[in-house]
Amino acid sequence: MGARKRNRANELKEAKKTQYFAVLKDCPTSPRKMRLVADMVRGMEVNRALDVLKFSPKEASRKVEKLLLSAIANWQAKNEGVRLEESNLYVKTIAVDSGRILKRLRPAPQGRAHRIRKRSNHVTIYVDSRNVDNDNE
């Protein structure tokens with residue numbers, strides 16, 4: 001590995017130490033349905049987002065709720081001395097990307113076959129503290 005590539009890799013590694021995130025891969029829900037749930041909680045305070053997800057009737061909200069709890073746990077692991085209530089956590093970014101697509105065949109009239117695409121997605125949630133912004137003001 002060249003020096004420039006190694007330096008860049010070390011910079012990215014250091015930057016990840018200050019980011020708090022969780023990733024869900026190959027969730028068997030279409031990305032379009034998952035984005036509806038992701039848009040509900042983007043930018044929200046963490047406790048309010050958990051309440052919204054808990055009482056949402058959508059199936060995808062259960063998976064996003066579990067992922068958000070995982071991101072909060074990752075934040076707690078990196079900030080052991082800080083209390084969660086005082087940290088003022090919020091959902092910084094939430095991204096839903098398309099995952100692999102399973103292609104299946106469904107019988108159609110006159111001996112034909114129609115292709116059914118069973119979609120999946122990847123979800124990434126970043127949480128951050130708003131206290132840093134309040135200190136600068």
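Mentor: Gladly, and keep in mind that this is a predicted model. Let's begin with H2 and H3, whose axes cross at roughly 145° and come within 9 Å.

Trainee: Which hand does the crossing of H2 and H3 have, and which residues of H3 make the contact?

Mentor: The crossing of H2 and H3 is right-handed. From H2, the contact draws on Val37, Met40 and Val41. Their partners in H3 are Ala49, Val52 and Leu53.

Trainee: By class, how many nonpolar residues does the contact of H2 with H3 have?

Mentor: Take the classes in turn, starting with the charged residues, of which this contact of H2 with H3 has none. It has no polar residues either. That leaves the nonpolar class, with a count of six.

Trainee: Now to H4. What span from first C-alpha to last is expected for this helix?

Mentor: H4 covers residues 59-78, which makes 20 residues. The expected span is 1.5 Å times one less than the number of residues. In the model H4 reaches 30 Å, close to the expected value of 28 Å.

Trainee: Which residues of H4 are buried, and which elements do they pack against?

Mentor: The buried residues are Ala60, Ser61, Val64, Glu65, Leu67, Leu68, Ala71, Ile72 and Trp75. As for what the buried residues of H4 pack against, the helices are H2 (31-41), H3 (46-54) and H5 (84-87), and the strands are S1 (20-27), S2 (89-107) and S3 (113-129).

Trainee: Are H3 and H4 roughly parallel or roughly antiparallel?

Mentor: H3 and H4 have axes 9 Å apart and pack at an angle of about 155°. Angles over 145 degrees count as roughly antiparallel. H3 is therefore, relative to H4, roughly antiparallel.

Trainee: Is the crossing of H3 and H4 left-handed or right-handed, and which residues of H4 take part in the contact?

Mentor: H3 passes H4 in a left-handed crossing. H3 brings Val46, Ala49, Leu50, Leu53 and Lys54 to the contact. On the H4 side they meet Ser61, Arg62, Val64, Glu65, Leu68, Leu69 and Ile72.

Trainee: How many charged residues are there in the contact of H3 with H4?

Mentor: The residues of this contact of H3 with H4 include eight nonpolar ones. One more is polar. The charged class has three.

Trainee: And H2 with H4: how are these two helices oriented to each other?

Mentor: The axes of H2 and H4 are 9 Å apart, and the helices pack at an angle of about 60°. The crossing is right-handed. Roughly parallel needs an angle under 35 degrees and roughly perpendicular one of 65 to 115. H2 and H4 are therefore oblique.

Trainee: Which residues of H4 meet H2?

Mentor: H2 contributes Lys33, Met34 and Val37. By class, the contact of H2 with H4 has four nonpolar residues, one polar and one charged. On the H4 side, the residues are Ala60, Ser61 and Val64.

Trainee: Ser61 has come up a few times. Which residues does Ser61 touch, leaving aside its neighbours within four places in sequence?

Mentor: Ser61 lies in helix H4 and, at 0% relative accessibility, counts as buried. Its C-alpha is 9.6 Å from that of Met40, 21 residues apart along the chain. With the neighbours within four places left aside, Ser61 is in contact with Val37, Leu53 and Ser56.

Trainee: Turning to the loop between S1 and H2, is Pro28 buried or exposed?

Mentor: Pro28 lies in that loop between S1 and H2. Beyond four places in sequence, Pro28 is in contact with Lys63, Arg119 and Ser120. The cut-off for exposed is over 50% relative accessible area. With 65%, Pro28 is therefore exposed.

Trainee: What about Thr29: is Thr29 buried or exposed?

Mentor: Thr29 also has its place in the loop between S1 and H2. Not counting residues up to four places away, Thr29 touches Met34, Ala60, Lys63, Arg119, Ser120 and Asn121. Buried means under 20% relative accessible area. At 12%, Thr29 is therefore buried.

Conventions: Residues are numbered from 1 along each chain as its sequence is written. This is a predicted model: local features need pLDDT of at least 70, side-chain atom pairs count only at pLDDT 80 or more; totals for chains, interfaces and linings use all residues. Side-chain values use heavy atoms; hydrogens and water are left out. Helices (H or I, at least four residues) and strands (E, at least two) are DSSP runs, numbered from the N terminus. Buried means under 20% relative accessible area, exposed over 50%, partly exposed in between (1.4 Å probe, protein chains only). Contact means heavy atoms within 4.5 Å. Axes are lines fitted to C-alpha atoms, for helices over the stretch in contact, and angles run from 0 to 180 degrees between N-to-C directions. A crossing is left-handed if the near helix is turned anticlockwise from the far one by less than a right angle, and right-handed if clockwise. Ala, Val, Leu, Ile, Met, Phe, Trp, Tyr, Cys and Pro count as nonpolar, Asp, Glu, Lys and Arg as charged, and the others, Gly among them, as polar.
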